[in-house]
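Visitor: I would like to learn how to read a model of a protein. Could you take me through some features, one at a time?

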Amino acid sequence: MTRRIGNGCALNVRGFEAHAAVFQKARDAAVRGSSGMIRGTVAIAVEDLRKVYHVREGGSWRGRTREITALDGISFSVAAGEIAGFIGPNGAGKSTAIKILSGILRPTSGIVRVGDLVPWQDRRAHVARIGVVFGQRTQLWWDLSVAEGLGLLRDIYGVDPERFARNRARLTEALDLGGIMDQSVRQLSLGQRMRAEIAAALLHDPEVLILDEPTIGLDAPSKLAVRAFVRDLRRERGTTVLLTTHDMHDIEALAERVIVIGHGRILTDSPFQDLRATTLSERILEADFVTEPPVLDLPHGATETMRDGRSVTITFDPRLVPAQVLVAQLSAVPGLDDLRIGRPAIEEIITRFYADHAT
Amino acid sequence: MLDGLVLYRRMAAASIAAQLRYPGTFVLQAAGNFVTTLLSFFGLWSLFHRFGSLGGWDIGMVAVLYGLVNVAFSVAETLGRGFEIFGGEFVKTGNFDRLLLRPRSTLLLLLGHELRLRPVGRFLQGAFVLAAGLHLSPHVGWATVWLIPWAVAGGAALFLGILIGQAALCFLTIEGLEVVNILTYGGVEAGQYPLPMFGRWLRRFLTWAVPIAGICYYPTLVMVRHADPLGMPMWFGAVSPALGFVFLGVMVWAWGRGVAGYVSSGS
Amino acid sequence: MRAYLSAFVLQGRIGLRYRIAVAAGLVAQLWFGAITLMAYASVYHHAPDAHAPLTLRQAMTYTWLQQSLFRLLPIGCLPSVGDAARTGAIVYDLLRPVDMWAWWLSSSLAWLVGAAVPRAILLAAIAGPLAALLGLEAWSLAPPVSMTAAILALVSFGLGALISATIVMWWNVLTARTLSPLGANAIAVPLSVLLSGMLLPLPLYPPWAQTLLLLQPFAGITDIPIRLYLGVAIPGGAGTAIVIQIVWLAVLTLFGRAWMRRTVDRLEVQGA
């Protein structure tokens with residue numbers, strides 16, 4: 001007894017593409033330097049990037065190799081000082097792209113420039129200018145205190161003592177590290193550790209900061225602290241930030257631009273306001289009835305997307321149908337028990353992108 | 001280069017601090033290491049006690065061999081811990097990516113990963129046996145003592161090369177293979193016996209493929225002024241420790257190939 | 001009973017999973033065996049009048065059997081116990097409503113036997129019949145001296161495995177007590193390698209040490225069974241040899257259990 005209507009979504013996606021095309025042109029212009037309409041320089045430029053893995057199947061010796069295309073020709077660029085969100089489900093090619101941009105993986109073909117360097121050609125010079133935070137992996141030393149770890153990183157990155165002292169003081173204050181400086185990393189909570197990780201990634205004043213799932217597993221206050229810090233960082237120091245996340249709130253709080261990747265291709269690349277105006281504005285209303293719900297006569301802009309036993313799910317666009325109008329209308333339907341209004345999860349939005357782009 | 005040394009010193013200091021954080025464990029491990037190596041010499045000594053000689057070689061000569069190979073190996077063990085655990089702790093877990101994100105040579109970073117103090121037990125015991133062996137040998141003069149640091153350096157380079165080669169192999173097999181113990185612990189075992197005790201295939205292997213004889217047997221002949229029964233000229237023992245550095249060079253090259261392969265395959 | 005059986009089966013299956021590791025270990029064992037054999041051959045040939053308690057042929061067979069059974073030695077605590085100690089989960093392990101001694105003992109026995117038996121069979125096949133076929137008979141593993149010796153040795157190896165598992169239990173309790181496997185492993189390796197005859201056959205140590213060496217528990221793991229296999233004389237005969245093993249098994253179990261009980265009591269009081 002499940003019925004699905006995908007009309008509204010398809011419409012939204014078309015809207016996206018139109019916007020994306022316009023902005024792509026604008027950005028290309030910015031890249032060529034003929035127009036200052038976004039921002040001056042380009043921090044990250046990626047063109048037709050492909051990565052094919054050769055995976056052995058079967059036994060370790062006699063198995064045949066199979067090709068898996070992780071990235072199928074993606075192109076995008078990020079302007080200096082921009083915060084770009086990079087989203088997509090697991091296996092979409094996100095982490096492959098991040099690895100290539102960080103210089104730890106060599107692509108099959110394509111052009112990548114971060115600043116004026118090709119990441120995998122001059123690994124050391126490249127990584128000295130970027131900062132990377134992997135949410136699930138530490139770059140500090142488990143057995144050392146945070147302060148000792150930062151000291152070692154100073155030597156590894158060759159940060160001069162004066163700049164180190166300045167940056168350390170600034171980061172300690174901004175990330176509230178004072179109380180945990182002398183604790184060993186092993187003893188830190190996840191939220192404390194993540195703040196220390198971010199400080200560790202920024203000691204050497206990187207021009208580009210890559211954040212891979214920086215809020216995964218954190219409690220709500222820590223998430224807020226991380227987001228606030230990244231926002232300030234961009235504002236005060238003009239650091240370019242590339243952010244991957246599964247948390248839509250991260251994107252909402254930070255990203256000015258959202259690149260959605262799936263099946264190794266870019267599904268959409270658009271300013272955040274556009275995403276907000278279309279897909280993100282969508283709301284979901286769940287209505288429970290005491291008996292089998294009747295057939296509903298919904299206004300334009302609202303569609304019934306699911307019916308399961310005694311509950312009905314309605315997707316609506318609040319710009320066309322204000323929530324209170326819809327609620328008022330449903331309240332009049334006999335047998336209504338409960339109403340809930342929410343927003344679609346990021347996975348759901350992307351799943352719909354997929355449904356429309358898969359073929 | 002200088003900058004690298006400074007960094008290495010810092011990383012080593014941090015590693016030592018971390019090990020001394022649990023002093024009880026450290027003392028127990030160092031003591032265990034000392035006892036293990038002491039016992040292995042007790043085994044050799046028992047053979048002498050029962051048979052009078054070790055294949056015609058006197059105990060002084062065998063003690064020098066034993067001391068050289070153990071001191072050299074303990075130095076390599078101290079420096080190369082990062083390579084020894086590379087498969088399990090870096091490749092399998094993906095932590096090698098983290099290392100690649102640092103603007104430094106991967107060799108330097110792995111050397112600095114852990115400066116292990118535990119082999120100090122093996123080192124002390126080996127040094128003691130070495131000194132006793134030189135004392136017992138009649139022909140040792142100050143003129144040949146200069147060979148000791150040269151042979152130990154060559155030996156440390158050789159064993160470090162084996163550990164680096166083992167780590168490079170991990171790019172292919174993910175987990176470090178027990179087979180490599182043949183060259184590390186097995187190399188120490190083979191190095192402490194005089195070379196002529198072995199069959200020809202093993203002698204060639206230990207001289208030219210993995211030149212363990214070059215860093216202990218031949219230099220020892222020079223030190224105790226004993227002609228090689230197999231006819232190798234005496235001067236060879238003065239230059240043969242260089243073979244350890246050649247071996248290290250080959251392994252460093254293999255390591256570079258391994259890292260390049262890792263970066264392009266992304267596995 | 002079922003619980004202990006399933007602990008045994010599970011641990012055994014984990015042991016079998018590492019086939020590549022088995023092959024690698026085999027090559028390593030062959031290498032160590034070859035080096036040792038060449039050294040012995042040279043030593044024996046240079047001193048034909050030494051009157052060693054083992055002939056060269058016996059010393060070689062002794063070495064091959066030791067190499068085959070290397071994994072039967074109690075060289076550390078059970079890995080899962082070590083992990084549990086490191087993470088702190090060991091407290092829950094120890095306070096489970098089963099006889100923890102029997103539970104850990106089954107796992108330890110399976111860990112040893114699961115690792116040792118496949119390796120032993122492979123290595124014995126290579127060092128014995130295969131080496132003989134290749135014309136290396138003089139260097140090969142000789143068969144047991146008689147049918148009686150074979151049966152006695154088999155019984156004795158079984159007891160040896162039990163003694164080894166019981167010693168592993170001591171390492172386990174020590175690990176539970178210190179909450180770290182490092183200490184136990186640090187003393188386990190030198191003790192087992194020296195005292196079991198792995199490093200040098202026990203009969204080849206100086207005569208004054210012989211009685212002491214025979215009467216310590218590690219001799220019961222592989223040395224006594226190998227002596228029975230070779231038909232080497234043991235003071236008091238084969239019966240005494242087996243009695244030594246049984247007495248050690250009883251003593252180690254009795255005191256080990258008491259020590260474990262005290263450890264558990266302490267954990268219950270302290271809570272961690």
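**Reading helices and contacts**

Guide: Start with handedness: the crossing of α7(C) and α8(C) is right-handed. Keep in mind that this is a predicted model.

Visitor: At what angle do the axes of α7(C) and α8(C) cross, and how close do they come?

Guide: They cross at roughly 145° and come within 7 Å. On the α7(C) side the contact is made by C:Trp171, C:Leu174, C:Thr175 and C:Thr178. From α8(C) come C:Pro181, C:Gly183, C:Ala184 and C:Ala188. By class, five of the residues in this contact are nonpolar, three are polar and none is charged.

Visitor: How should I read the spacing of such residues along a helix?

Guide: An α-helix has 3.6 residues a turn, so residues three or four places apart point the same way.

Visitor: Are α3(C) and α6(C) roughly parallel or roughly antiparallel to each other?

Guide: The axes of α3(C), residues 56–68, and α6(C), residues 100–133, cross at roughly 150° and come within 8 Å. Angles over 145 degrees count as roughly antiparallel, and therefore α3(C) and α6(C) are roughly antiparallel. C:Trp64, C:Gln67 and C:Ser68 of α3(C) meet C:Arg119, C:Ala120, C:Leu123, C:Ala124 and C:Ala127 of α6(C). This contact has five nonpolar residues, two polar and one charged.

Visitor: How do I read a contact between chains?

Guide: The size of an interface is often given as the accessible area lost when the parts come together. Here we can count residues instead: 29 from chain C and 32 from chain B take part in the contact. On the side of chain C that touches chain B, α2 (19–46) and α8 (181–195) each supply at least two residues. The most comes from α2(C), with 13 residues. That side of chain C has 24 nonpolar residues, five polar and no charged ones.

Visitor: Which residues is A:Ser102 in contact with, leaving aside its neighbours within four places in sequence?

Guide: They are A:Pro119, A:Ile130, A:Val132, A:Ile210 and B:Leu101. A:Pro119 is 17 residues from A:Ser102 along the chain, and their C-alpha atoms are separated by 6.5 Å.

Key:
Residues numbered from 1 in each chain as written. Chains lettered and ligands numbered in written order. Predicted model: local features only at pLDDT ≥ 70, side-chain atom pairs only at ≥ 80, totals over all residues. Contact = placed C-beta atoms within 7 Å. Helix = DSSP H or I, 4+ residues; strand = E, 2+ residues; numbered from the N terminus. Nonpolar A, V, L, I, M, F, W, Y, C, P; charged D, E, K, R; others polar. Axes fitted to C-alpha atoms, helices over the stretch in contact; angles between N-to-C directions. Left-handed = near helix turned anticlockwise from the far one by under 90°. Parallel < 35°, antiparallel > 145°, perpendicular 65-115°, else oblique.
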